[in-house]
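Please look through the sequence and the model below before reading on.

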There are 2 protein chains.
Amino acid sequence: MSDLEIYARKSDWDELKQLVLRHGERVCVRKNDYFVQCGDASDRIAYIKRGAFKYTRTRTDGKERILSFMFEGEFIANYIPSRNESMALMNVQALEDSVIYVFPVSRYRQFFEKKIGRSVYVPQFTEVIAFGFLQKMLSWACDTPEERYFSLKERVPDIFNRVNLKDIASYIGVTPETLSRMRTSYLNKI
Amino acid sequence: MSDLEIYARKSDWDELKQLVLRHGERVCVRKNDYFVQCGDASDRIAYIKRGAFKYTRTRTDGKERILSFMFEGEFIANYIPSRNESMALMNVQALEDSVIYVFPVSRYRQFFEKKIGRSVYVPQFTEVIAFGFLQKMLSWACDTPEERYFSLKERVPDIFNRVNLKDIASYIGVTPETLSRMRTSYLNKI
DNA sequence: TCAACTTCTTGATGCGCATCAAGAGTTTTG
DNA sequence: CAAAACTCTTGATGCGCATCAAGAAGTTGA
C-alpha cells in the first residue's frame with residue numbers, strides 16, 4: 001500500500017500499524033507459504049515486519065499472474081478486508097521467509113468504534129483501497145509492459161534484489177524470456 | 001454498477017436512485033458529449049434515466065481504451081466520487097443522446113447525515129466500488145479477450161444493438177478487425 | 001559436497017494479431 | 001437528397017512475442 005499512502009492521513013496508517021504491532025499475533029511464515037488462498041473467507045490483515053509477499057491469481061489457462069508485491073512496512077489482506085464475508089480472489093504468498101503481525105478486521109472495527117464512537121476504518125481506508133484498485137485496473141488496461149516495468153522500478157527501486165525475473169515478468173505481463181531481452185536491449189539504456 | 005448490485009442492499013440503491021431523481025438536476029446530453037473528462041475535479045454523480053455512456057482513457061500511444069459501459073438504470077461518476085478533491089482518471093462520454101439526473105456527492109452526504117446521523121454512503125457504496133475495480137483489474141490482468149467478450153455479453157445481452165464493434169473491441173482489448181474475425185470464425189458458434 | 005533444482009540468458013521457429021488497404025453497406029448532415 | 005462520414009468485413013503483409021530448447025551460473029538440500 002505504500003504507493004497509496006499519500007491518500008490517507010499518515011497518522012491513520014501509523015495508528016493502524018501501532019495497533020497491529022501491539023495487539024496482533026506475531027507469525028513467522030516461510031518462503032512460499034500462503035497468507036491467503038483464493039476462496040478463503042478470512043478477514044485477517046497483517047503488517048509485514050520483515051519479508052516480502054506477492055498477490056497472485058491463476059488464469060483459466062492455468063498460468064499464474066502476479067498482481068502486486070508487498071514488502072516490510074506494508075499491509076497484506078484478503079481484499080476487501082472489511083467485507084468479511086467475501087471470498088479471496090487472489091492468493092497472497094511469501095516471497096521470502098517473513099515475519100508478520102496478524103489482526104482480524106472485526107477486532108479492528110471494534111477498536112475504532114470504542115475509541116471514536118464510530119468506525120473511521122471504512123472512510124479512511126476503503127477509499128484508499130478503491131483508488132489503488134482503480135489505478136491498477138487502469139495500468140493493466142492502458143499501460144505497456146515497459147511502462148509497468150518502470151512504474152514498478154520507481155515504487156520499489158531495489159526490486160531486482162528482492163524478486164526474481166520470472167515474477168517481475170509476470171507482473172508486467174510478458175514471459176521471462178521477453179523481459180530478459182527487453183533488459184539487454186533497451187531498458188537499461190534509459 | 002448493475003453487475004455489482006448484489007453486493008449492496010437493494011434498498012440502498014433504490015434510495016440513492018429516488019434521491020437523485022427527486023432532487024437532482026435533469027440534464028439532456030447529446031451523443032459524444034462528456035459528462036466527465038480526465039482531470040476534472042467534479043464531485044457529480046448522475047443516474048442514467050435514458051441512454052448509454054462509456055468510460056474511456058487515452059493511452060500514452062494516443063489510442064483510446066474503453067474501460068466500462070453504463071446504461072439506463074445505472075450510475076456514472078468521477079470515481080472515487082466521495083474523494084471530491086480527486087481528479088478524474090477517466091472520461092465519461094455519451095454513446096447516445098441521453099437523459100441523466102445529476103447530483104453532487106457533497107449534497108448526498110448532507111442528506112444522509114441529516115437523516116441517519118452519519119454517512120451511510122461511505123460504508124455502503126465505497127466497498128462496492130472498490131470490489132468493482134478489483135474485479136475489473138483482475139479481468140484485465142487475467143482474462144483473455146474472448147473471456148472478456150463473453151463476460152460483457154452476459155452482463156449486457158443486447159450490447160450489439162447498443163454499442164458499435166469498434167468500442168466493444170476496445171473494451172475487450174483487441175482491434176476492430178480482430179473482433180470481426182473472432183465473431184465470424186468461432187465466437188458465434190459457441 | 002555433490003546432485004538436483006532454479007535462475008537467467010540466448011538462439012531458432014512459428015503463430016497471432018496489428019497494421020494497412022479496399023470496398024460495400026449504412027447513417028449522418030448540410 | 002446527395003455528399004460525407006462512419007461501420008463492418010475481408011484480404012495481404014509483417015513484426016512482436018510466445019514457445020521450445022539448451023546451456024551456464026548460482027542456489028538448495030540430503
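This is a predicted model: local features need pLDDT of at least 70, side-chain atom pairs count only at pLDDT 80 or more; totals for chains, interfaces and linings use all residues.

Residues are numbered from 1 along each chain as its sequence is written, and chains are lettered from A and ligands numbered from 1 in the order in which they are written.

Chain A has a secondary structure of 7 helices and 8 strands, where helices (H or I, at least four residues) and strands (E, at least two) are DSSP runs numbered from the N terminus. Of the 190 residues in chain A, 38% are buried, a residue being buried if 20 or more other C-beta atoms, placed from the backbone, lie within 10 Å of its own. Among the contacts in chain A with a separation of 6 or more, 70% join residues 24 or more positions apart; two residues are in contact if their C-beta atoms, placed from the backbone, lie within 7 Å.

In chain A, 4 strands form an open antiparallel sheet in the order E2-E7-E4-E5, with strands counted as paired if DSSP finds at least two bridges between them. Strand E2 (34–36) and strand E5 (64–71) of chain A are at the edges with a single partner strand each, so one side of each has no neighbour in the sheet. Neighbouring strands of this sheet are turned by 30 degrees against each other on average, direction ignored, with axes taken as lines fitted to C-alpha atoms, for helices over the stretch in contact, and angles running from 0 to 180 degrees between N-to-C directions. H6(A) packs on the sheet, where it touches E4 and E5 of chain A, and its direction makes about 105 degrees with that of E5(A).

Strand E3 (residues 44–50) of chain A is mostly covered, with 5 of its 7 residues buried.

| Strand pair | Bridges |
|---|---|
| E3(A) and E8 (residues 98–104) of chain A | 6 bridges |
| E3(A) and E6 (residues 75–77) of chain A | 3 bridges |
| E4 (residues 52–58) and E7 (residues 91–94) of chain A | 4 bridges |

Individual residues show how these strands face one another: A:Arg50 stands opposite A:Val99 in E8(A), A:Tyr47 stands opposite A:Phe75 in E6(A), and A:Lys54 has A:Gln93 in E7(A) as its bridge partner.

Leaving aside neighbours within four places in sequence, the contacts of B:Ala46 include B:Phe35, B:Phe75 and B:Tyr101.

The largest share of the surface near DNA strand C, 6 residues, comes from H7(A). Around DNA strand D there are also 13 residues, of which A:Thr175, A:Thr178, B:Asn164, B:Leu165 and B:Ser180 come nearest, and here H7(B) gives the largest share of the surface, 6 residues.

Technical notes. A residue is near a molecule or strand if its C-beta atom, placed from the backbone, lies within 6 Å of it. A residue is buried if 20 or more other C-beta atoms lie within 10 Å of its own, exposed if 12 or fewer, and partly exposed in between; C-beta atoms are placed from the backbone.
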